[in-house]
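Please keep the sequence and the structure in view while reading.

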Amino acid sequence: MIYTSSSFQQISPVVQTYVEGTDYSIVEYSPSGVVTNIQIVPINSAGCFLNNFAQFPAGSVALITATNICVLDVAVANAEQSGAVAVLVQNDIDQSTPYKGELSSDMSATIPVLGINYLLGVDLSSALTPFISIVVEGSEETSYTSNLLAETTTGSEDSIIIVGSHLDSVPAGPGINDNGSGSAVNLEVAIQVFKQSLPISSKIRFAWWGAEELGLLGSTYYVENLSVAEKNQILVNLNYDMLASPNFFRGVYNGSQAEPPITQSCSKVTQIYASFWLDQSLNFTLTEFNGRSDYGPFLEANITAGGLKTGSNGVKTIEERKLYGGLAQAIHDPCYHQLCDNIENVNQEILIENGQAAANILQILASQSDLRS
């Protein structure tokens, strides 16, 4: 969805015009829609269950709270089924920015969905019968993109390592951290492999995926169009997505969470990253291996994978603050999917460290005489 304009106003009991990016944001993949002078009804829950809307008056705007209990698709579907004409999602109490979640790109919702900041949610919940107007204008467009692939001229065709990063960003911003950071590390590693003429046993294929932000489209297309023989040639996928978040944690995907038959091999990849950080006397955190970046299609094809990350719109915990510094109870990347994700949003120290970790594991894996062992 390409959004061209939006507005959000309170009509009564006071007149107030809200600012996109400060007070509210359009939830990714929200449908377009216009709501004029309609009452807000707080649900006082995340709306994960249909009975949360038992007393909801059809034709109203539902105000729900952000949660990890269910995906947003479920709450919005429950609201729409109960007669809501729009949904507002209030951010957590420890967040000053608007809620920045997303719907699934293939969800069948027909009503606009906005994220709002916590204090605005409090104001609207406590107001006496608040009425609002919302405009979300956007359209779906058919466009074409490509994956960019480059590979070494040496190394076995029957033992291929794919180093991947997505090259696209969301329309809202330039995407320098998400994912210029991962793409830059990928490119620099490729350049150094060429310049240093490293002796390698496995062929290395560098991939810059298209349309990750639209649902891993580029990497999914690539994997789904491989023949059985071609899939069997790919032994490892290393994925780099958001490697320079300003309020970072040093994340390593937890390979032990991969499903059989690749649990053990993914765990070996994790251990190589972990050993590098330990050798550098640097803290690291094993992070969820949930398929939400371009390694996902490889896992589904039972291809060993692993990678690094520094956090997106998750909140830095107090324990992470002790390990990495920064600000506890603040988002890892406060400019995630926003206009401010520019060059100033890059933590250069962690970017360099992740580049070194990426180079280290590639040299280790590519120089092994038999990656299948």
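What covers the buried residues of α9? The cover includes β10, α3, β11, β12, α6 and β15 (304-309), where buried means under 20% relative accessible area, exposed over 50% and partly exposed in between (1.4 Å probe, protein chains only). Helices (H or I, at least four residues) and strands (E, at least two) are DSSP runs, numbered from the N terminus. The model is predicted: local features need pLDDT of at least 70 and side-chain atom pairs count only at pLDDT 80 or more, while totals for chains, interfaces and linings use all residues. Residues are numbered from 1 along each chain as its sequence is written, and side-chain values use heavy atoms, with hydrogens and water left out.

The buried residues of α9 include I350, E353, N354, A357, A358, I361, L362, L365 and A366. An α-helix has 3.6 residues a turn, so residues three or four places apart point the same way. The 20 residues of α9 should span 28 Å at 1.5 Å a residue, and the end C-alpha atoms are 29 Å apart, which agrees; the expected span is 1.5 Å times one less than the number of residues. At the start of α9, a side-chain oxygen of N347 comes within 3.1 Å of the backbone nitrogen of E349.

The next topic is the nonpolar core, a set of buried Ala, Val, Leu, Ile, Met, Phe, Trp, Tyr and Cys residues joined through side-chain atoms within 4.5 Å. The largest such core has 29 residues, of which I161, F206, L238, Y240 and L362 touch the most other members. Two or more residues each come from β10 (156-166), α3 (176-196), β11 (202-209), β12 (234-240), α6 (263-279) and α9 (348-367). The largest share, six residues, belongs to α9. Not counting residues up to four places away in sequence, I161 has among its contacts (heavy atoms within 4.5 Å) K203, V236, L238, L362, L365 and L371. A second, separate core of 21 residues includes Y29, I43, A66 and L103.

K203 itself lies in strand β11. Is K203 buried or exposed? K203 is buried, because its relative accessible area is 3%. A polar atom of the K203 side chain lies 2.6 Å from the backbone oxygen of T152. Beyond its neighbours within four places in sequence, K203 contacts residues including E151, T152, E157 and I161.

Elsewhere, G21 sits in the loop between β2 (16-17) and β3 (24-26). G21 counts as partly exposed because its relative accessibility is 37%. Leaving aside neighbours within four places in sequence, G21 is in contact with P98 and Q338.

Notes
A polar contact is a pair of N or O atoms within 3.5 Å; within protein, one must be able to donate a hydrogen and the other to accept it, and residues adjacent in sequence count only if both atoms are side-chain atoms.
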